[in-house]
There are 2 protein chains.
Amino acid sequence: MGSTAFDGELEQVLRVGSGFRLADVDPGSTPAYSGGKADGEALLDEQDAVLAEHQERLYAAGRDGEAPSVLLILQAMDTAGKGGIVSHVVGGVDVQGVRLKAFKAPTPEEKAHDFLWRVERELPEPGMLGVFDRSHYEDVLIHRVHGWADPAEIERRYHAIRDFEERLVAGGTELVKVMLHISKDEQKDRLLARLDDPVKRWKYNPGDVDERLHWDAYMDAYQRVFEETSTAAAPWHVVPANRKWYARIAVQELLIGALKRIGPDWPTPAYDVEHERARVAAS
Amino acid sequence: MGSTAFDGELEQVLRVGSGFRLADVDPGSTPAYSGGKADGEALLDEQDAVLAEHQERLYAAGRDGEAPSVLLILQAMDTAGKGGIVSHVVGGVDVQGVRLKAFKAPTPEEKAHDFLWRVERELPEPGMLGVFDRSHYEDVLIHRVHGWADPAEIERRYHAIRDFEERLVAGGTELVKVMLHISKDEQKDRLLARLDDPVKRWKYNPGDVDERLHWDAYMDAYQRVFEETSTAAAPWHVVPANRKWYARIAVQELLIGALKRIGPDWPTPAYDVEHERARVAAS
């Protein structure tokens with residue numbers, strides 16, 4: 001095969017626990033993985049089928065409307081690779097079982113409601129793999145950085161998020177919260193690369209530089225998010241993302257882990273197989 | 001390469017025009033294609049990248065909120081392969097640019113509205129490839145077959161659908177309406193195959209046999225749908241689907257054709273590239 005597996009329990013290594021400091025994470029590192037790029041790419045390929053089968057079992061279990069679901073929440077600075085995770089990791093499973101939502105700036109209707117209102121509407125149904133490209137965490141990240149909400153309101157939101165996610169988990173949704181962590185220098189390289197390539201210029205948004213100028217404030221905001229919302233029920237994982245190939249196998253592995261914890265087996269039919277066989281044959 | 005291309009203009013061959021009779025279509029045929037299964041599978045693989053690039057251009061064009069969109073509407077008898085089209089054709093493009101909706105029996109809230117209400121809410125945004133697995137056509141198919149709506153109401157719905165689709169097209173949505181056509185015998189084989197394989201039993205639904213018992217009434221209902229709603233702006237295509245590989249390359253080709261007609265090129269940036277390069281470099 002030639003691929004190299006993870007050394008140990010990736011989920012534990014990347015999980016944000018007490019005393020975690022984002023500043024101590026090296027965005028260029030590859031925790032729990034000793035292989036290089038070629039090994040990682042081979043692993044991504046190989047585990048594609050593993051992820052796809054677990055996801056299909058979940059989807060099958062969802063047919064009776066009572067199955068659990070998985071929700072991957074992706075947060076990151078611009079260019080960190082959220083889109084690549086969606087295309088290359090999530091893209092490996094059957095699109096029928098995926099419910100993807102990319103959250104943009106809220107519409108006037110969304111602004112007229114509590115910040116969790118639009119999120120509730122996009123939650124995955126039983127049996128589905130939900131993916132949030134950005135999420136309710138923007139309301140405690142960009143809102144904090146730009147002072148769009150006052151400190152007391154930001155505090156209220158941390159509480160609201162904890163309660164909300166605890167309820168989700170209790171209701172049968174396995175949450176996989178991921179922050180893709182790149183360095184400021186890596187972001188500069190990636191922004192310049194988008195400007196250099198005519199076929200990638202559409203991905204460049206001048207507003208990304210405006211946010212980049214607040215880099216340190218964003219890192220502080222993420223640190224606070226982790227302290228306030230990395231709970232036992234819904235922990236955060238910080239995935240070093242300067243190496244795209246590593247970020248992809250790491251998120252793939254986290255998703256496989258979540259699906260294994262839920263562990264849906266192929267559902268047993270609620271009908272009598274022999275009886276149905278006779279009905280079909282006679283029809 | 002080894003793959004074989006379509007002989008001619010597939011879109012014209014499959015299009016439902018005046019005088020079309022569903023009963024004359026052989027579900028086992030492979031119109032406009034002289035290759036066999038292996039050729040078709042190679043073609044599917046090869047055209048995957050073509051479809052993906054056209055779709056990415058459309059998605060890129062959608063960044064400014066003014067782009068066209070494509071909407072694939074899939075209708076068929078059970079087991080005809082709608083799911084396979086979604087997995088194996090649509091699954092080849094970047095999931096970020098896909099808006100998939102599988103319509104089930106309407107909820108009480110949906111029933112409280114006009115039949116097009118829930119459909120409007122699922123239309124693809126600019127730049128997106130929308131996919132409807134079933135659609136508003138159920139309201140003139142199963143409703144007609146079971147008499148859930150009286151004839152006058154069904155007539156009203158044909159009108160409403162024509163007006164609705166004309167408006168969609170005028171608004172920049174390229175409609176690709178596809179009926180996957182299998183034979184009654186082929187359906188029997190596929191239902192039995194689902195019952196035989198423990199890993200596929202979850203796909204079997206006893207209700208499918210109930211509908212199968214109304215086969216002829218469904219064929220009549222489809223015939224009427226074609227007569228009433230295959231318009232110049234939004235024509236139907238009947239794709240013979242006894243051979244899954246053929247149905248897949250045919251729908252792939254129809255989608256590529258639709259994307260080519262829209263023909264979005266990579267968008268030109270709305271910003272000054274040199275100015276932005278300097279901003280990034282200085283940041």
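These questions and answers concern a predicted model and the reasons behind some of its labels.

Q: Why is the link between A:Asp210 and B:Arg279 called a salt bridge?
A: The closest N and O atoms of A:Asp210 and B:Arg279 are 2.4 Å apart. The cut-off is 4 Å between a side-chain nitrogen of Lys or Arg and a carboxyl oxygen of Asp or Glu, so the pair qualifies as a salt bridge. The count between chain A and chain B is four salt bridges.

Q: Which helix gives the most to the side of chain A that touches chain B?
A: H12(A) does, with six residues. Helices that each supply at least two residues include H2 (37-61) and H9 (206-212) of chain A. The residues on this side divide into 21 nonpolar, five polar and 13 charged.

Q: What is the area buried between chain A and chain B?
A: About 3,900 Å² is buried, with 62% of that given by carbon and sulfur atoms. The contact takes 39 residues from chain A and 39 residues from chain B.

Q: Why is the aromatic pair of B:Phe103 and B:Phe132 called edge-to-face?
A: The centres are 4.9 Å apart, and the planes make an angle of 85 degrees.

Definitions and conventions:
Residues numbered from 1 in each chain as written. Chains lettered and ligands numbered in written order. Predicted model: local features only at pLDDT ≥ 70, side-chain atom pairs only at ≥ 80, totals over all residues. Heavy atoms only, no water. Contact = heavy atoms within 4.5 Å. Buried area = accessible area lost by both parts, 1.4 Å probe. Helix = DSSP H or I, 4+ residues; strand = E, 2+ residues; numbered from the N terminus. Nonpolar A, V, L, I, M, F, W, Y, C, P; charged D, E, K, R; others polar. Phe/Tyr/Trp six-rings, centres within 6.5 Å; stacked < 30°, edge-to-face > 60°.
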